[in-house]
Amino acid sequence: LCETCGNLNYSQPAFKGRNVTIIYKPFKFSDTHTPTIFYSNVVTPWIAVPSTVMYNSTLGVFTTVFDTNLQNSGYLYAKYDLSEGCGYIYLRTPNPALGKRVEIGYYPSPAVIGLTGEYSREWYNESSSSSMTLTEGLLTEEELPNKEFVLTIYSATRWTTGSYSVKCTESTTNRLSTERVYVKVTVPPGQPFLQSPNIVQECPECLVGILYENFYHHVFCNTSGGTTPSINVGDEGGKVYSDTQFENIYKLSRTIGEKDHMKTVTCSVSNAALEKPLTTSANLFVALKPEVLVLNVPILREGSPANITCISRGGRPATNLSIWLDGANYSEDIVKTYDNSTRTYTTILTFNTPARKEWKSVSCESSSSLFGKTATQQKTINCEYPPTMLTMDAPTITSYSQDSYTLKFSCFTDTYNDHCLLSWTKDGQLHYANTYETEKIQDSALMEFAIVNKPSAHLSVKDEVLLNADDSTSVTCTATSFPLSDIVWTVNGDTQLLVCNKSEKCVMKTIPIETKEHRNYTCTAYFEFGNYNTSAISSFLAIGRASKQKPYEIPNESENASLTNSNGIPIVWIVIGLGVIFAAVILSTVIVLVRKPDMQENETVEMNEDVTYAQVNKIRTKRTEAVGLQTKGSDTNLVYADIDIEHLETASKPPSRQRPPSPTEYADVDFIRTERGSNSDNIIT
């Protein structure tokens with residue numbers, strides 16, 4: 001690249017083994033002057049490109065073709081002389097380095113070579129605007145066989161950097177010079193080192209970056225000399241920029257990923273002043289913001305460990321936690337764990353100070369040099385505390401007998417907010433007076449009621465039960481009391497059949513009975529509460545019979561209560577009564593019809609014969625007999641009549657016509673259970 005005579009470039013991309021087009025665009029184009037394109041190798045610095053140089057006057061450029069198979073070091077040069085006879089100047093040392101030799105070449109024009117007329121040859125420092133004085137060992141000039149003059153600067157310094165030219169005339173009014181050649185002395189870089197603005201305790205020697213942020217803000221490479229280094233994370237690099245505010249600071253521009261965690265970051269710098277690159281490296285710690293804090297505040301009990309926990313999960317590095325309780329800060333019992341699968345930390349703070357009822361609110365706060373401070377919302381503390389005093393007023397039991405008692409127990413406490421359990425004991429044994437569960441005290445003073453009902457026993461049958469021989473039946477004894485009673489079944493007063501403890505109902509099955517056998521079954525409900533105890537008894541008589549007819553049972557008062565009229569009279573008895581009345585009417589009619597023919601015959605006898613009548617001295621009596629119910633098909637007909645027995649016995653009985661019997665039929669009556677009835681009518685098999 002000729003910095004003073006134009007731009008030299010090539011068409012990209014360039015591949016080994018293929019021709020490359022070289023393009024030269026001079027600052028001042030002239031189609032009468034053709035430039036010379038050179039390349040270099042490790043042996044010869046200036047070798048002319050053998051291809052023909054073409055030009056394009058419209059674009060003002062020169063082009064040629066370079067064969068990449070030619071051995072080369074990768075440097076191209078262009079020589080283009082438009083000066084009026086001064087010649088061509090160029091930099092022979094491709095990369096001038098600090099403390100090294102720097103050579104500048106000059107091809108003079110023929111006039112300058114002969115030094116005829118006003119022509120001369122003077123090296124000139126354009127940067128300092130001064131002529132360069134040749135000094136042995138510092139600045140010398142050498143003429144080569146091809147008429148090239150070489151200026152040698154033996155030890156380049158920072159001040160060597162600048163522009164140089166050769167003046168070829170001595171005229172002060174129209175002094176000619178060559179084009180300027182720029183010399184940039186390469187300064188060897190300083191040893192690079194990596195740095196990061198953040199440090200973590202988990203890896204103090206690591207560089208620190210934050211996930212999903214740019215390396216540009218977290219990792220720096222510091223090296224002097226002005227040479228831009230290369231920065232790689234593992235095997236992956238990126239664009240490196242110099243810091244706009246600070247000298248010698250270089251930064252990599254790339255997003256930090258989770259895969260970069262604990263990878264090696266390498267910074268390497270190299271230039272012509274070094275024989276081998278300078279390198280430094282360090283591991284990268286990728287910080288990860290933790291999840292939202294979780295604060296667990298259970299229901300506290302005064303004097304017990306508070307067991308308040310604050311948990312921070314998924315962070316890297318581990319966070320610092322603290323508890324704020326009513327404005328005071330506490331940090332204790334902190335446990336940090338590391339998960340190898342997720343490569344994150346979990347921090348748990350446990351606050352186990354004995355709880356106090358004065359506590360009001362609590363919150364948790366996490367702090368980190370990378371992510372700042374975050375805090376949870378305040379939570380209200382519910383600290384339960386029991387009463388310190390408990391008193392009870394004993395109930396008074398009346399001395400006279402009554403069916404039920406109401407016992408009142410009054411418990412008094414001081415201030416508390418806990419749900420206390422109230423239990424009743426007797427002689428050291430737990431006694432459930434109010435249901436089978438302990439009661440909860442909800443207020444500072446609570447009245448507990450224990451209702452005691454004197455027991456009563458009821459049977460599912462009446463006083464007498466008729467059973468067919470060898471049959472049995474089930475009878476239920478219901479004992480009503482509170483608390484429940486112990487129910488005991490006995491037979492004939494001394495033989496115990498069944499015991500139902502703390503029960504409301506107890507079902508007993510009778511023993512098979514024999515004909516004409518009588519058994520007395522008794523149900524006894526034994527009740528006990530505190531010092532008070534009593535019992536209730538109910539019994540029935542089971543009677544055995546030989547009949548095998550279909551049994552029926554008159555239910556007790558609790559069953560079929562709907563089979564009564566509005567006055568409570570069972571409908572079945574009404575039906576039976578109406579049937580008896582109807583039968584009596586029919587029988588009366590029959591009697592009247594039977595007696596009427598007999599009276600007519602008697603009157604006829606008296607008219608034809610002398611009839612002797614017996615002397616009746618007795619008063620006639622009226623004899624009434626009830627007609628019992630007969631089974632269907634009976635030949636005996638019973639009637640009601642007022643008769644004079646003695647008169648009929650002595651009187652002669654004339655023959656009379658007998659009316660054929662008129663049997664009375666009775667329909668079957670299906671007796672159903674009624675609410676009321678005689679105890680003796682109870683028949684059960």
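I began with strand S9, where I found Tyr-106 to be the bridge partner of Ile-89. The model is predicted, so I note that local features need pLDDT of at least 70, side-chain atom pairs count only at pLDDT 80 or more, and totals for chains, interfaces and linings use all residues. Residues are numbered from 1 along each chain as its sequence is written, and side-chain values use heavy atoms, with hydrogens and water left out.

**Sheet**

I looked up the pairing of S8 with S9 (residues 102-108): the two run antiparallel and are joined by 5 bridges. Strands here are DSSP runs of E, at least two residues, numbered from the N terminus, and two of them pair if DSSP finds at least two bridges between them. Both belong to an open sheet of 4 strands, ordered S8-S9-S13-S12, with antiparallel pairing. I recorded S8 (87-91) and S12 (139-143) as the edge strands, each pairing on one side only.

**Disulfides**

I then found 6 disulfides in the structure, a disulfide being a pair of cysteine sulfur atoms within 2.5 Å.

Cys-203 and Cys-206 have sulfur atoms 1.8 Å apart, and their link is right-handed, with 50 degrees about the S-S bond. Cys-203 is buried at 7% relative accessible area; buried means under 20% (1.4 Å probe, protein chains only).

Definitions and conventions:
Buried < 20%, exposed > 50% of the residue type's maximum accessible area, 1.4 Å probe, protein only.
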